Structures are given as C-alpha cells and as structure tokens.
Amino acid sequence: WDDPIVTNPQLGATETWELWNHSADAHPIHLHLVKFEVLNRQVIGGAVRPTEPWEAGWKDTVIAYPGEVTRVNATFDIAGLYVWHCHIVEHEDNEMMVPYCVGDKATAPGCNVVP
C-alpha cells in the first residue's frame with residue numbers, strides 16, 4: 001500500500017496485462033474487483049501457446065507458471081483503489097501487493113489517499 005500508484009487504467013477500459021514470472025514457483029495472481037480472460041502463455045523467450053481448457057470464461061485469478069508470461073485481457077469497470085497480488089499466503093501476509101487506481105486518481109474512491 002505504500003508504493004506509489006503507477007498503474008492507472010481508465011474506467012471502462014479493457015487492457016492486456018502481461019504477468020511475468022521469473023521465479024521457479026507458480027503464483028496464483030488475483031486482481032481485485034476485475035474480471036479478465038486468460039489470452040495465452042509464453043515461455044520467456046519461447047513460443048506462445050493457448051490457454052488451458054479449464055481457463056475459458058471470466059476469471060479473477062490465474063496461475064502464472066514459472067519462467068512464463070501469462071497474458072490476460074482485463075476490463076476495469078468499477079472506479080476505485082484496488083490491489084493485485086499473489087494468493088500464496090506468505091506473500092499476502094507480508095503485504096506483497098501492488099496498488100492500482102481505476103479511473104481519475106484525484107476523484108476515484110480511495111485513490112487520492114496513496115501517494
């Protein structure tokens with residue numbers, strides 16, 4: 001929460017986010033109050049591959065596999081201050097979360113509180 005907000009999608013926007021996992025572990029990544037579709041995955045430096053069969057439809061959490069880029073199309077339809085983070089308990093417990101503001105930082109609920 002103490003990090004400056006650098007991610008600021010506009011209200012109503014749909015963005016493609018790339019989740020890069022340079023670690024040796026899979027990470028279940030969760031975007032608060034955002035629905036998204038998993039587009040594809042790519043081994044870093046390798047070929048793009050399609051999603052897994054069970055990943056069809058809207059999601060709010062996706063597994064970012066080790067050594068891969070996971071791409072999602074996220075629709076930001078609720079203004080306000082939110083976070084995205086890994087659902088590994090130790091990561092959550094140590095506040096390893098990234099704040100983001102949907103909409104105008106000066107007027108969206110909660111966004112003007114964080115630097």
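Select W17 to begin: this residue is buried, because its relative accessible area is 10%, where buried means under 20% relative accessible area, exposed over 50%, and partly exposed in between, judged with a 1.4 Å probe on protein chains only. What you have open is a predicted model, in which local features need pLDDT of at least 70 and side-chain atom pairs count only at pLDDT 80 or more, while totals for chains, interfaces and linings use all residues. Residues are numbered from 1 along each chain as its sequence is written, and side-chain values use heavy atoms, with hydrogens and water left out.

**The aromatic rings**

A search of the whole structure finds five aromatic pairs, a pair being two rings of Phe, Tyr or Trp (for Trp, its six-membered ring) with centres within 6.5 Å, called stacked if the planes are under 30 degrees apart, edge-to-face if over 60, and tilted for the rest. The rings of W17 and W84 have centres 6.2 Å apart and planes at 65°, so this pair is edge-to-face. Because W17 lies in strand β1 and W84 in strand β7, the pair ties together parts that are 67 residues apart in sequence; strands here are DSSP runs of E with at least two residues, and helices are runs of H or I with at least four, numbered from the N terminus.

Now select F76 and Y100, whose ring centres are 6.0 Å apart with planes at 80°, so this pair is edge-to-face. F76 is in the loop between β6 (68-75) and β7, while Y100 is in strand β8, 24 residues away, and the pair thus links distant parts of the chain. F76 counts as buried at 1% relative accessibility, and Y100 is buried with a relative accessible area of 0%.

**The largest pocket**

Which residues are closest to the centre of the largest pocket? Select W20, H27, I29, W84 and C86, which are the closest among the 16 residues that line it. The pocket holds about 290 Å³ of space. On a 1 Å grid over the protein atoms alone, a pocket is an open set of points where a 1.4 Å probe fits, with protein on both sides within 12 Å along at least five of seven lines, and lining residues have an atom within 4 Å of a point. The volume is the space filled by probe spheres set on the points, which are joined across faces, edges and corners. Colour β1 (14-21) next, as the largest share of the lining, four residues, comes from this strand.

**Side-chain contacts**

Move to H85 in strand β7, a residue that is buried with a relative accessible area of 4%. A polar contact of 3.0 Å joins its side chain to that of H32, where a polar contact is a pair of N or O atoms within 3.5 Å; within protein, one must be able to donate a hydrogen and the other to accept it, and residues adjacent in sequence count only if both atoms are side-chain atoms. Then select T75 in strand β6, which counts as buried at 15% relative accessibility, and whose side chain is joined to that of T14 by a polar contact of 3.1 Å.

**A last stop**

Finish at N94, in the loop between α1 (89-93) and β8, which counts as exposed at 56% relative accessibility.
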